[in-house]
Amino acid sequence: RKSGDAAALAASNYPTLDATLEERFFGRARQIQRHIAVLRASALLEEGVRQVEATTALAETATHDQALAAARADARAIAETFLPAERRRLLEAADEALLVCAREVLDFVRPRKGLFGGNEATPADRDFLLTLLEERLAIALAASRDRLVIELSRSLVLVAGLPGGGVEPTRKLADELDARVFDRYRAFFRGWLRGGAVAQFFAKELPRLELTEQGVRRALERAVPLDDDTLEEELRQPLRAYCASLFAELVAAIEQRRGAVLLSRFELEARLLSPLRALAALAAATPDA
């Protein structure tokens with residue numbers, strides 16, 4: 001083709017043959033290749049869209065919403081049902097402790113009743129009563145704390161396993177309850193008793209008491225901080241405040257994880273899904289696609 005002259009080339013009818021080959025074979029082959037390439041690209045883009053959509057679907061917040069609703073319901077149940085019931089249980093335990101101590105006082109006072117009708121006790125009796133009161137209180141508070149730990153632990157489970165990562169309540173529940181509520185009240189109770197309340201009971205109340213179980217119990221009730229008002233101020237108010245702060249922390253942790261999931265979904269949609277969909281639509285609109 002390159003060596004012949006124009007006339008020879010024209011006489012050979014090669015241009016017509018070349019045009020025919022281009023039209024019927026080479027051009028069509030290139031068109032088929034483009035078509036195949038567009039189909040492959042379109043299929044890959046559609047698969048990419050499906051995979052990102054599947055990943056995005058996993059970034060849902062229904063479980064977080066359920067956990068938030070459950071946490072708020074638990075907070076109401078603790079405040080409106082559990083703590084009022086705990087008030088009754090603690091008052092019953094306090095009443096039982098006072099009765100047990102009244103019986104012990106009667107046991108060691110009656111044999112020593114003075115010649116002139118006075119009720120007598122020794123320093124050892126006073127120390128014994130102090131120890132007994134503290135032991136009975138410790139039993140009641142330990143039972144109360146254990147019941148509350150069980151209730152609150154159920155709520156803390158709500159955040160475990162939620163997608164989204166982030167900070168979750170890491171407080172050691174029992175230790176926090178002791179430090180902020182129960183140990184605080186034990187220290188208050190011990191200070192009250194050893195600050196003179198029991199000594200005053202033995203010095204002023206006991207000598208003139210009618211030696212009956214209820215008489216001694218009422219005198220002890222005046223001497224020790226187990227009445228409803230004191231329990232409310234020194235124990236139940238701190239307990240309510242602790243529970244409120246724990247549930248606030250729990251809700252914040254769930255909301256933080258929910259926000260992390262929403263951010264992840266937004267990034268998937270903005271950075272991957274939208275561009276892939278646009279490219280897939282472009283491939284689908286390409287001629288011969």
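1. A quick word on terms before we look at this predicted model: contact here means heavy atoms within 4.5 Å. With that in mind, the buried residues of helix H6 pack against H3, H4 and helix H5 (173-205).

2. Which residues of helix H6 (residues 213-223) are buried? They are Gly215, Val216, Arg217, Ala219, Leu220 and Ala223.

3. Now for the pairing of H5 with H6. These two helices pack at an angle of about 145 degrees, and their axes lie 9 Å apart. The crossing in which H5 passes H6 is right-handed.

4. On the H5 side of this contact you will find Trp192, Ala197, Phe201 and Glu205, which meet Val216, Ala219, Leu220, Arg222 and Ala223 of H6. Sorted by class, the residues of the H5 and H6 contact comprise seven nonpolar, no polar and two charged. Val216, Ala219, Leu220 and Ala223 of H6 take part in this contact, and these four are also among the buried residues of H6.

5. Finally, have a look at helix H3 (residues 62-109) and helix H4 (residues 123-156), whose axes are 10 Å apart at a packing angle of about 160 degrees. Angles over 145 degrees count as roughly antiparallel, so H3 and H4 are roughly antiparallel to each other. Their crossing is right-handed. The contact of H3 with H4 holds 17 nonpolar, two polar and nine charged residues.

Methods
Residues numbered from 1 in each chain as written. Predicted model: local features only at pLDDT ≥ 70, side-chain atom pairs only at ≥ 80, totals over all residues. Heavy atoms only, no water. Axes fitted to C-alpha atoms, helices over the stretch in contact; angles between N-to-C directions. Parallel < 35°, antiparallel > 145°, perpendicular 65-115°, else oblique. Left-handed = near helix turned anticlockwise from the far one by under 90°. Nonpolar A, V, L, I, M, F, W, Y, C, P; charged D, E, K, R; others polar. Buried < 20%, exposed > 50% of the residue type's maximum accessible area, 1.4 Å probe, protein only.
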